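Work each one out for yourself before you read the solution.

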Amino acid sequence: MATLIDRLNESLLIGDGALGTYLYSLGVPRNYCIEELSLSQPYLIEKVHKDYIEAGAKIIRANTAEANAYHLSFFKLEKKLKEIVSSSIRLAKKALGFKEGWIAGTINPIWVRPADPPIDLSTRRTLYEEQISLLLEEGCDLLFFETFTDLSDLLLGLELARNKGAQFIFAFVASFEEGKLSSGQSLKEAFSKLREAGAVLVGINGASGVQASLHLLEEIEKKETDLLGAYPNAGKPEFYEGKLTYSASPSYFGQNVLKFVEEGLNLLGGDYGTEPVHVAAMAQAAVGVKPIKRKLAKIRLRYEVGEKETLPQVEPSLLDRLNIKPVFMVEYDSPKTLSMGKFLEGVKAIEKAGADALTLADNSLAILRVSNFAAAIHVRRVSKLIPVLHVACRDRNLLGLQSELMGLGTLGFRHILALTGDPAKSGDHPGATSVYDLNSIGLIRLLAGLNRGVNAAGKDLKGKTDFIIGCAFNPNTVQFDAQVRKLEAKLAAGAQFVMTQPVFDFELIKKIFNYLKPLGIPIFVGIMPILNYRNAEFLHNEVPGISIPEKIRSRMKNLEGEKATEAGVEFARELGEEILSHFRAIYLITPFLRYDISVRLLESLQSKKTA
């Protein structure tokens, strides 16, 4: 019987299509753990494999792509890892029977959800090693690494596979249409490194349709000993009536088989959106077709839209200003209605009182307000205050966040406070949906990437933003040490300054100084004037991240009206003076749009500092 390598050299081999797509069409709900089906519905997995085999597939990818402990832990299935891998390989072998074909143990990247912390290298190595060992123990014919976008991650997998004695390793990357991985390497460079690392066949899958795949392969040179593969998608997905549909027909796949052969392919299958009918069309067109041994790369002229550039720096840096003088930042919410008059009146008064910056919340507490982006444009129109824009992850997916941030960058906005955001259901639109593709740390990483000139997918943006990245710190917690560790993670992700929740305790100000001073990062300590006893009780008991000592709340208990407000302002002034004795930056939160109170505090603290 011919070996796998013999067959790849003799004729174009056809691989299977998308496992998930076909399972969804058979009624499996999305977001279900596909790997678990090897245990609960083995007949269904076996049917999928058989249907692809009968369609003409010779390489059968077992249901193990995300059979790793990390992914399975989301479904509380990590203890069933060995059982899942064993059943998946056994079902693929059973479906193949005595027909000619090879069972591939599939390995996907260990995907980390955008809102989750990254997995360290040691843990990642352990996860891959465990999965690879189980696949080899179950006797798969080859290891099939697929849909990798980070070359270093894939090279790690190949190193572990070689160390475990794997003989046949296929390595597939998901390359963008311009021929680059998210980690920045060109397809040509990636293929070269993968072959050096021990891959017997390299290819592309998971990111491109038929024409884009052909376009990518045109620029790849093929030598006589090289083996190439491609698993194109069935076009771009369309979301219709709750389902993802793909437009590329089986005949379209069949019509393009010879074009793939011309680009040097030895193995051709299908990925997202493909089903047995697509594989059957390719198999029919591939009858008697032999792969070519050599091919020159097509030289393609590239036209740059423009030179790389740093986007306009309209705003001066608050951090630079801190080196010269104490900096006063005021939070002043945009209005809940379309009436901007009072808001702009307040902006002018706050500037006149000596503020350096105006920080604008992003629908804080999930309460609907005029977009802080639009409000910042108004602020620029009537003042020279530096806008510091809060950006929450709640309302925008990863695509929307990047689009808005790129827009901010092109307009020269620089100061961003990265926040996870209060859940939508806690606000005035409880039926709204929270997104949370990222959390605050993920957003900080995204901002740092934009400053390097790349988006979340690693694509070159032909320019760089110049964001000054802020993060939040909550000192009002008994788990203070845990908050410091979280802050350290934010700094490691790229944060450049800190804004604290409002502080109501003199000793806490000293504690913040002692703990955070060694971090060497500018800290804007928050102050929020209390207006009355009811306000104090509400803030303490109902607003996340705020804690007001009992003695302070009691101090307000018997005061009413203007006397209560005066007492609250005086206490805030005392706190401000204490803060300025330790820090050079204050973050003043305006209560209930009472900008007159912020103005009074600013004037008092400014005169005290310069006295």
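The exercises below go from the sheet to a helix pair and then to aromatic rings.

This is a predicted model, in which local features need pLDDT of at least 70 and side-chain atom pairs count only at pLDDT 80 or more, while totals for chains, interfaces and linings use all residues. Residues are numbered from 1 along each chain as its sequence is written, and side-chain values use heavy atoms, with hydrogens and water left out.

**Exercise 1. Find the order of the 8 strands in the open sheet, and its edges.**

Step 1. Strands are DSSP runs of E with at least two residues, helices are runs of H or I with at least four, and both are numbered from the N terminus. Two strands pair if DSSP finds at least two bridges between them.

Step 2. Reading across the sheet gives 1-10-7-6-5-4-3-2, with parallel pairing. Strand 1 (13-14) and strand 2 (59-61) are the edge strands, as each pairs on one side only.

Step 3. Now zoom in on one pairing: strand 3 (residues 102-107) runs parallel to strand 4 (residues 142-148) over 4 bridges. There, Gly105 has Leu143 of strand 4 as its bridge partner.

**Exercise 2. Work out how helix 21 and helix 22 pack.**

Step 1. For helix 21 (residues 533-542) and helix 22 (residues 550-557) the angle is about 155°, and the axes are 8 Å apart.

Step 2. List the contacts (heavy atoms within 4.5 Å): Tyr533, Ala536, Glu537 and His540 of helix 21 meet Arg553, Met556 and Lys557 of helix 22.

**Exercise 3. Describe the aromatic pair of Phe144 and Tyr231.**

Step 1. Rings of Phe, Tyr and Trp (its six-membered ring) pair if their centres lie within 6.5 Å; planes under 30 degrees apart count as stacked, over 60 as edge-to-face and the rest as tilted. A search of the whole structure gives 16 such pairs.

Step 2. Phe144 and Tyr231 are 5.5 Å apart centre to centre with 80° between the planes, an edge-to-face pair. Phe144 lies in strand 4 and Tyr231 in strand 7 (residues 228-231), 87 residues apart.

Step 3. Buried means under 20% relative accessible area, exposed over 50%, and partly exposed in between (1.4 Å probe, protein chains only). Phe144 has 0% relative accessibility, so it counts as buried; Tyr231, at 1%, counts as buried too.

Conventions: Axes fitted to C-alpha atoms, helices over the stretch in contact; angles between N-to-C directions.
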